[in-house]
Amino acid sequence: WLEPANAVGGDTFDYAIDRDNLHVSITDAVGHDVTAAVLATVLVGSLRNGRRRGADLLEQATTANDALAEHATVGQFVTGQLLRVDRRTATATIVNAGHPFPLRLRDGRVEEVELEIDLPFGVEGGHPYRIQTIPLRPGDRILLVTDGMYENAEDEMDVPDILLRTGHLHARAVVHLLGDEVLRAAGNDLRDDATTVCID
């Protein structure tokens with residue numbers, strides 16, 4: 001779910017499911033103008049191209065970073081997370097490019113999934129990104145967010161608490177509710193895109 005700001009923003013989410021894997025990306029381009037939208041488009045296009053030609057997660061991250069670095073100037077970058085869930089083994093791997101940590105709901109508790117933090121995409125061509133593993137168990141719910149879910153709401157919205165209270169709802173209902181809540185907390189005047197992806 002993406003709640004757009006009242007100015008041009010650069011949040012994106014993307015996903016695809018094939019026979020064995022779920023592929024997810026969530027990204028947030030710096031700025032609130034057309035340049036942010038261009039950065040987001042270049043990055044998502046490169047990620048999709050890599051995925052479609054069968055590139056692994058690390059190659060997708062590296063290729064997309066290099067493509068963005070070629071087109072970005074100093075101070076232009078995109079934070080993001082690339083996630084791949086192997087549906088056969090129920091394991092998840094992730095690249096964290098300077099993005100807010102995922103949240104995990106498990107057994108009635110919500111916690112941040114702490115990750116090593118790599119540079120945002122586009123800062124440095126050739127940056128060596130790291131693949132990390134997120135342990136999964138049956139019943140886990142993973143929530144990916146952009147910083148707009150926090151910045152627009154300030155102290156008016158507790159995302160972990162909402163995730164905990166909505167554990168009984170379908171994932172689709174959770175992201176709709178989070179979208180409604182961030183709009184309410186911001187008085188329907190979002191300063192930044194607010195985006196969330198919920199995975200069960």
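Tutor: A polar atom of the Q76 side chain lies 2.9 Å from the backbone nitrogen of T73, where a polar contact is an N or O pair within 3.5 Å, with one atom able to donate a hydrogen and the other to accept it, and residues adjacent in sequence count only if both atoms are side-chain atoms. The model is predicted, so local features are given only at pLDDT of at least 70 and side-chain atom pairs only at pLDDT 80 or more, while totals for chains, interfaces and linings use all residues. Residues are numbered from 1 along each chain as its sequence is written, and side-chain values use heavy atoms, with hydrogens and water left out.

Q76 sits in the loop that runs between α2 (57-71) and β4 (78-86). Helices (H or I, at least four residues) and strands (E, at least two) are DSSP runs, numbered from the N terminus. Setting aside neighbours within four places in sequence, the residues in contact with Q76 are V30, T35, L39, H71 and G122, contact being heavy atoms within 4.5 Å.

On a 1 Å grid over the protein atoms alone, a cavity is a set of points where a 1.4 Å probe fits but cannot get out, a pocket is an open set with protein on both sides within 12 Å along at least five of seven lines, and lining residues have an atom within 4 Å of a point.

V24 also belongs with the largest pocket: among its 28 lining residues, L22, V24, C198, I199 and D200 are the closest to the centre. This pocket has about 640 Å³ of space. Two or more lining residues come from each of β2, β3, β4, α5 (171-185) and β10 (194-199). The lining is made up of 19 nonpolar, four polar and five charged residues.

V30, one of the contacts of Q76, is also among the residues nearest the centre of the second largest pocket, together with D28, A29, D147 and D192. The volume here is about 160 Å³. Its lining has four nonpolar, five polar and four charged residues.

β3 runs antiparallel to β2 (residues 11-17), and seven bridges join the two strands; strands pair if DSSP finds at least two bridges between them.

β10 is part of an open sheet of five strands, in the order β1-β10-β9-β6-β7 with antiparallel pairing. β1 (2-3) and β7 (109-112) each have a single partner strand and stand at the edges, so one side of each lacks a neighbour in the sheet. Four bridges hold the antiparallel pair of β7 and β6 (residues 103-106), with L105 opposite V110.

Overall, the chain contains five helices and 10 strands, and its C-alpha trace spans about 45 × 40 × 25 Å along the principal axes.

Notes. Grid points are joined across faces, edges and corners, and a volume is the space filled by probe spheres set on the points. Ala, Val, Leu, Ile, Met, Phe, Trp, Tyr, Cys and Pro count as nonpolar, Asp, Glu, Lys and Arg as charged, and the others, Gly among them, as polar.
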